[in-house]
Amino acid sequence: MGSDSKGLLEIEPLELRFPFETKKQISCSMQLTNRTDDYIGFKVKTTSPKKYCVRPNSGIVPPRSTSDVIVAMQAQKEAPPDMQCKDKFLVQSVIVAEGTLVKDITGHMFLKESGNVVDEVKLKVVYVPPPKPPSPVREGSEEGSSPRASLSDGSNLNYLETTRESDEPLFSAVKTHKDQEDYTSETSALISKLTEERNSAVQQNNKLREELDLLRREVSKQNGGFSFVVVVAIALLGMLLGYIMKR
């Protein structure tokens, strides 16, 4: 119990730093270290539960060991003014009996009314602008090396970079696959429509040819020559047939 003055759990870091980028889910981690000989139960709370996903949000840290907690921020549509964030996290911890299971960790254990000694640590959320691309100017090595230094500054940034690189290709593949499905569906519908129109035009053309041939045979049977009505009918059918052939 000598760790009460320093807290039941040592939490690192005390600021959750997110390299902020719009329309991207971003994650960071924190380490909960138990330097005591007791089993410590913990629970993580936040002022914006719909904005963050914490895994695990509760658990047990065995004596002389460390547990990792992953905090994922949902993709944001736009950046906040001046990149300031008012979100807060609260890590509550309490001593539990040996043999306690994770499913036995309940919210009641962290209430002062329960009689337990509850330790609480508040954490701030800090948005960090994404690193700038390296300068194309190769004079002087300091400008070219500064962006790499910002990426390797702390284990959290390294972890974030690895997480984004491993997740984004999957998201891109899913999006590309759906776009291809939509394109294939639209193309198939257009081809089907054009085929139907072509078949209809061919049928009309054949029908008009049959009617024109029939009309010519009827005219040839007449000994008195062409009547005016018949001549006009043949001319109209010829014009209509020519129009359909052009299509």
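**Exercise 1.** Determine which residues threonine 22 is in contact with, leaving aside its neighbours within four places in sequence.

*Solution.* Contact means heavy atoms within 4.5 Å. On this criterion, and with the neighbours within four places in sequence set aside, threonine 22 touches Gln76, Lys77, Glu78 and Ala79. The model is a predicted one, in which local features need pLDDT of at least 70, side-chain atom pairs count only at pLDDT 80 or more, and totals for chains, interfaces and linings use all residues. Residues are numbered from 1 along each chain as its sequence is written, and side-chain values use heavy atoms, with hydrogens and water left out.

**Exercise 2.** Locate threonine 22 and state how exposed it is.

*Solution.* Threonine 22 belongs to the loop between strand S2 (15–19) and S3; strands (E, at least two residues) are DSSP runs, numbered from the N terminus. Its relative accessibility is 37%, so threonine 22 counts as partly exposed, the class between buried (under 20% relative accessible area) and exposed (over 50%), with a 1.4 Å probe and protein chains only.

**Exercise 3.** Describe the surroundings of glutamine 76.

*Solution.* Glutamine 76 lies in the loop between strand S7 (65–73) and strand S8 (88–96). Leaving aside neighbours within four places in sequence, its contacts are Phe20, Thr22, Lys23, Lys24 and Lys51.

**Exercise 4.** Give the strand order of the open sheet and identify its edges.

*Solution.* The four strands follow the order S1-S3-S7-S5, with antiparallel pairing; two strands pair if DSSP finds at least two bridges between them. Strand S1 (10–12) and strand S5 (52–55) are at the edges, each with a single partner strand, so one side of each lacks a neighbour in the sheet.
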